[in-house]
Each structure stands twice: as structure tokens, then as C-alpha cells.
Amino acid sequence: MSESREYYTRQLQIGSIHVSEEVVASIAAAAVLEVEGVVSLSATAGDIQELLSKKNSVKGIRMTTEDDALVIACSVVVLYGFSMQEIGAAIQDAVMQAVESMTGITVRAVHVNISGISMAKKQPKAE
């Protein structure tokens with residue numbers, strides 16, 4: 001069963017930790033944007049609905065819970081010339097590692113939706 005929460009709670013021996021949904025989404029978004037070949041996150045219909053309802057949201061990140069584990073969907077625009085399969089796998093790894101290591105929340109799945117492609121020329125990385 002899927003549900004939306006405002007906070008994710010983790011019980012510890014001496015108390016509990018509450019992490020806001022917005023913080024978890026921000027962590028996931030930052031991890032996505034660090035993957036080479038990702039140009040940006042892209043807005044989804046759910047993002048637009050949340051903006052209209054004045055609920056805070058992070059563009060391109062959707063989250064639900066299933067059996068006390070988090071399912072994250074990322075909608076991205078990628079750079080032309082990169083392998084979409086490799087970018088997708090890199091996003092899944094980056095998001096899962098970042099969210100689990102920073103929050104302690106179990107991530108069941110990371111779904112990647114490639115919603116666009118950018119034809120912009122690659123910018124050389126500054127070293």
C-alpha cells in the first residue's frame with residue numbers, strides 16, 4: 001500500500017528521528033544532479049499539482065512508501081550522447097546510497113524516468 005507522509009520516522013533506542021519529506025527529496029535531487037550526463041530534473045504532473053496546492057515539493061522527485069521502505073521516482077533530462085541505461089543505473093545507485101547513508105531510511109526502489117534529452121554541447125569539467 002502506498003501513502004504519502006510529511007515526515008519519515010526512525011526509531012532508535014533513546015528516541016526517534018523525524019526527517020521531513022522535503023529533506024529526503026532534496027537529498028535525492030542532489031544525488032541525481034551529481035550524475036554525469038544528467039542535465040536537470042524535470043517537472044512532472046504531480047509537481048504541478050503540488051505547486052497549485054501550495055505544498056512544498058522538489059521538482060522531478062516523487063516518493064511513496066511501501067511496507068516501511070521508500071520508493072523514489074526521479075524524472076530527468078539527460079545529455080545527448082550518453083548511454084541512458086548507464087545514466088539510469090548511476091542515478092539509482094547514487095540516490096539509494098545518498099538517502100540510506102544520510103537518513104537511515106531503507107530505499108526499496110529508485111525508478112528513473114528519462115523525460116527529455118538535451119542537445120546542448122557538453123561543458124568541459126573544471127579541474
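Of the 127 residues of the chain, 38% count as buried, where buried means under 20% relative accessible area, exposed means over 50%, and partly exposed lies in between (1.4 Å probe, protein chains only). This is a predicted model, in which local features need pLDDT of at least 70 and side-chain atom pairs count only at pLDDT 80 or more, while totals for chains, interfaces and linings use all residues. Residues are numbered from 1 along each chain as its sequence is written, and side-chain values use heavy atoms, with hydrogens and water left out.

The secondary structure consists of three helices and six strands. Helices (H or I, at least four residues) and strands (E, at least two) are DSSP runs, numbered from the N terminus. Along the sequence their pattern is β-β-α-β-α-β-β-α-β.

| Partner of β5 | Residues | Direction | Bridges |
|---|---|---|---|
| β3 | 38–41 | antiparallel | three |
| β4 | 61–66 | antiparallel | six |
| β6 | 107–118 | parallel | 10 |

Leu41 has Val76 as its bridge partner in β5. Ala73 of β5 is the bridge partner of Arg62, and in β6 the bridge partner of Ala73 is His111.

Strands β4 and β5 form a hairpin with two residues between the strands, and in this hairpin Asp67 takes a positive phi near 50°.

**Individual residues**

Leu41 is located in strand β3 and counts as buried, at 7% relative accessibility. The C-alpha atoms of Leu41 and Ile114 are 9.3 Å apart, although 73 residues separate the two along the chain.

Ser42 is in the loop between β3 and α2 (45–52). Ser42 is buried as well, because its relative accessible area is 11%. Its side chain makes a polar contact of 2.4 Å with the side chain of Ser115. A polar contact is a pair of N or O atoms within 3.5 Å; within protein, one must be able to donate a hydrogen and the other to accept it, and residues adjacent in sequence count only if both atoms are side-chain atoms.

Arg108 belongs to strand β6. With a relative accessible area of 43%, Arg108 is partly exposed. Between Arg108 and Leu70 the C-alpha to C-alpha distance is 5.6 Å, and the two are 38 residues apart in sequence.

Is Tyr80 buried or exposed? Tyr80 sits in the loop between β5 and α3 and is exposed, with a relative accessible area of 55%.

Notes:
Two strands pair if DSSP finds at least two bridges between them.
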